[in-house]
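I opened my notebook to record what I looked up in this structure. Each entry takes one topic.

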Amino acid sequence: MTNNFRNILDLFLYAKEQNMCTALFCSTCGAMLYRSLCKEIGKDRIKYLIEAVTDEDFKHMPLDIKYDGWYEPLRLMLYDGFSANPDCPMMKWYDDGEEVHCATQKKKLILDMGVHKIYGVIGSIFKNTECEVTALFQYVGYASLPIEMNRFLEKYQIPSVHGNVRAVYYAKTSQTNGKVKEVEKIIDEALQILSSKGYRSVAMNGVKTLGHSELDNLNIIERWFKQNPQSSIQTLHLIDKRGGFNVL
């Protein structure tokens, strides 16, 4: 059966049909059945299957393997050391997020406070080019180890400044446990530090809360700007792959 896969989407569909667990940190089975299948297929063949996916394949993707059906198994592959050309369609969809390729409006003004404007942007926080600063918030816990975050941190050797005036601000958020008050402290601290350095534009990903994360983040940011009207930050981009901020 494994020799009949036309591309990696076929493999994902097969894994789903066989009820294989593809959770990266599954504490029950370790996703070993799926991992063994990938190991059996081999790195060269997996690379070929990933690179065989075309944009047209995504347009006709079975409903069973829409975003949530292919993101996790691919993330597990990358964690286990499988790789492919980062410029191939499959890897671009993985890095950017499905909504980036499907959305007609990728950037939306969601809060206009006069001098301070907040935008919702669909995309990858790691590909921010419009703002002076990329602010990264990473939950460091047993169930979360974003592959893209680690690649980015290794590349930029945080904390540091690279290219033009682009800077990187990085904070771990495991201590919040989703509590809005704790999340507020982390976001407030980031905005205070970046504002004190005179930055005018900041791109950031959201910090997960126990409620409506995007709305909670926006409310925290709005409150901070009202309390700090003289902040140097004029433009704030809230970036996420699923476009959650854009629907606020």
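This is a predicted model: local features need pLDDT of at least 70, side-chain atom pairs count only at pLDDT 80 or more; totals for chains, interfaces and linings use all residues.

**Entry 1: two helices.** Helix α1 covers residues 8-17 and helix α2 covers residues 32-41. They pack at an angle of about 145°, and their axes are 11 Å apart. Which residues meet there? From α1 I noted Leu-11, Phe-12, Tyr-14 and Ala-15. From α2 I noted Tyr-34, Leu-37 and Ile-41. I sorted this contact by class and got 7 nonpolar residues, no polar ones and no charged ones.

**Entry 2: the loop between them.** Next I checked phi angles. Most residues other than glycine have a negative phi. I found Asn-19 with a positive phi of about 55°, although it is not a glycine. Asn-19 lies in the loop between α1 and α2. Ala-31 lies in the loop between α1 and α2 as well. The phi of Ala-31 is near 55°, again a positive value in a residue other than glycine.

Ala-31 has 1% relative accessibility, so Ala-31 counts as buried.

**Entry 3: the sheet.** I then traced the strands. There are 6 of them in an open sheet, in the order β1-β2-β6-β5-β3-β4. The pairing is mixed. Strands of a sheet pair through backbone hydrogen bonds, either parallel or antiparallel.

Which strands stand at the edges? They are β1 and β4 (167-172). Each has a single partner strand, so one side of each is left without a neighbour in the sheet. From one strand to the next, the twist averages 20°.

Strand β3 (residues 133-138) and strand β5 (residues 201-204) run parallel and are joined by 3 bridges. In this pair, Val-133 stands opposite Val-202 in β5.

Two helices on the sheet went into my notes. Helix α10 (residues 213-227) packs on the sheet and touches β1, β2, β5 and β6. Its direction makes about 40° with that of β1. Helix α9 (residues 180-196) lies across β3, β4, β5 and β6 (235-240). Helix α9 runs at about 155° to β4.

**Entry 4: a hairpin.** I went back to β1. It is joined to strand β2 (residues 116-122) by 6 bridges, and the two run antiparallel. Lys-107 stands opposite Val-121 in β2. β1 and β2 form a hairpin with 2 residues between them. In the turn I noted Gly-114, with a positive phi of about 85°.

**Entry 5: one lysine.** Last, I picked Lys-108, which sits in strand β1 (residues 107-113). How far is Lys-108 from Gly-120? They are 12 residues apart in sequence, yet 5.2 Å apart in space, C-alpha to C-alpha.

I listed what Lys-108 touches, leaving out residues up to four places away in sequence. The list is Ile-118, Tyr-119, Gly-120, Asn-246 and Leu-248. For Asn-246 I have a distance: its backbone oxygen lies 2.8 Å from a polar atom of the Lys-108 side chain. Lys-108 counts as partly exposed because its relative accessibility is 25%, and that class runs between the cut-offs of 20% and 50%.

Technical notes: Residues are numbered from 1 along each chain as its sequence is written. Side-chain values use heavy atoms; hydrogens and water are left out. Helices (H or I, at least four residues) and strands (E, at least two) are DSSP runs, numbered from the N terminus. Buried means under 20% relative accessible area, exposed over 50%, partly exposed in between (1.4 Å probe, protein chains only). Contact means heavy atoms within 4.5 Å. A polar contact is a pair of N or O atoms within 3.5 Å; within protein, one must be able to donate a hydrogen and the other to accept it, and residues adjacent in sequence count only if both atoms are side-chain atoms. Two strands pair if DSSP finds at least two bridges between them. Axes are lines fitted to C-alpha atoms, for helices over the stretch in contact, and angles run from 0 to 180 degrees between N-to-C directions. Ala, Val, Leu, Ile, Met, Phe, Trp, Tyr, Cys and Pro count as nonpolar, Asp, Glu, Lys and Arg as charged, and the others, Gly among them, as polar.
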